[in-house]
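Hello,

Here is the structure we spoke about. Please open it and keep it beside this note.

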Amino acid sequence: YKCFRGIFQNILVKQLIIQRRLQNIQEFHSFSGQDTGEGLEAILGCVSSYTSQTQSLFMAPLVLGLLILYEQETRMPKNYDIRHSNLYYYLLFSVLIIVPQLIVNIFLLHTLEIVHGFKLYDYFTYCHFRFKSRIKKWMGDNRTIDRSIVNAWRSLDHQAFSSQFYFTITIITWGIVFLILGFTCMIKNAYIPFGDPALFYLIV
């Protein structure tokens with residue numbers, strides 16, 4: 001009886017802690033103006049989508065170059081009925097669109113500041129100041145975080161959208177791209193990696 005009573009009490013205490021945290025988060029949202037789109041979390045959500053789109057803008061020509069280079073191995077253009085000559089038009093378009101898209105993004109960010117009241121320039125200035133005055137060279141090693149932000153956005157704000165942040169997401173994105181291209185090549189060519197004599201040395 002005491003064993004089950006202790007288990008029930010632990011579960012009840014954990015549920016109360018979770019409910020209290022949710023209540024604190026809701027109070028913080030109502031205080032910081034998250035419901036009206038004026039909170040810092042709204043700014044982080046807007047900036048995170050902008051950074052991912054900007055990164056894909058610069059990566060698209062390189063990915064198309066890989067598709068042109070390994071057209072026979074991936075067979076992706078053939079599956080989508082894309083002629084080989086059209087790939088060069090796609091590559092040229094992805095290069096030419098970079099500068100106009102960046103100019104359009106400048107006006108869109110200014111529009112967000114005016115219409116929704118997002119203080120993007122002030123936030124980026126503050127991020128630049130934090131990066132320049134950081135204690136340790138790698139931002140991830142700094143243990144000081146802004147606890148006024150909801151936990152889901154703290155790690156993103158902690159990186160301060162610095163060059164180290166772009167370096168990290170670029171490495172991760174290229175890893176995913178190469179993984180997809182590698183699996184695509186193996187599947188399309190019916191390649192069995194377990195029969196490769198170099199597999200053991202690659203794993204080691």
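Is the crossing of α2 and α9 left-handed or right-handed? It is right-handed. Keep in mind that this is a predicted model.

First, that helix pair. Two packed helices are described by an angle and a distance, both taken between their axes. Helix α2 covers residues 40-69, and helix α9 covers residues 163-188. Their axes are 11 Å apart, and the packing angle is about 40°. On the α2 side, the contact residues include Thr 51, Gln 55, Met 59 and Leu 62. On the α9 side, Phe 165, Tyr 166, Ile 169 and Trp 174 are among them. By class, this contact of α2 with α9 has 12 nonpolar residues, four polar and no charged.

Next, α5 (residues 84-96) and α6 (residues 98-115). Their axes cross at roughly 40° and come within 4 Å. The two helices are therefore oblique to each other. α5 brings Ser 94, Val 95 and Leu 96 to the contact. α6 brings Ile 98, Val 99 and Pro 100. Five of these residues are nonpolar, one is polar and none is charged.

Which element gives the most? That is α8, with three residues. By class, the lining splits into four nonpolar, four polar and five charged residues.

Best wishes

How values were computed: Residues are numbered from 1 along each chain as its sequence is written. This is a predicted model: local features need pLDDT of at least 70, side-chain atom pairs count only at pLDDT 80 or more; totals for chains, interfaces and linings use all residues. Side-chain values use heavy atoms; hydrogens and water are left out. Axes are lines fitted to C-alpha atoms, for helices over the stretch in contact, and angles run from 0 to 180 degrees between N-to-C directions. A crossing is left-handed if the near helix is turned anticlockwise from the far one by less than a right angle, and right-handed if clockwise. Contact means heavy atoms within 4.5 Å. Ala, Val, Leu, Ile, Met, Phe, Trp, Tyr, Cys and Pro count as nonpolar, Asp, Glu, Lys and Arg as charged, and the others, Gly among them, as polar. Angles under 35 degrees count as roughly parallel, over 145 as roughly antiparallel, 65 to 115 as roughly perpendicular and the rest as oblique.
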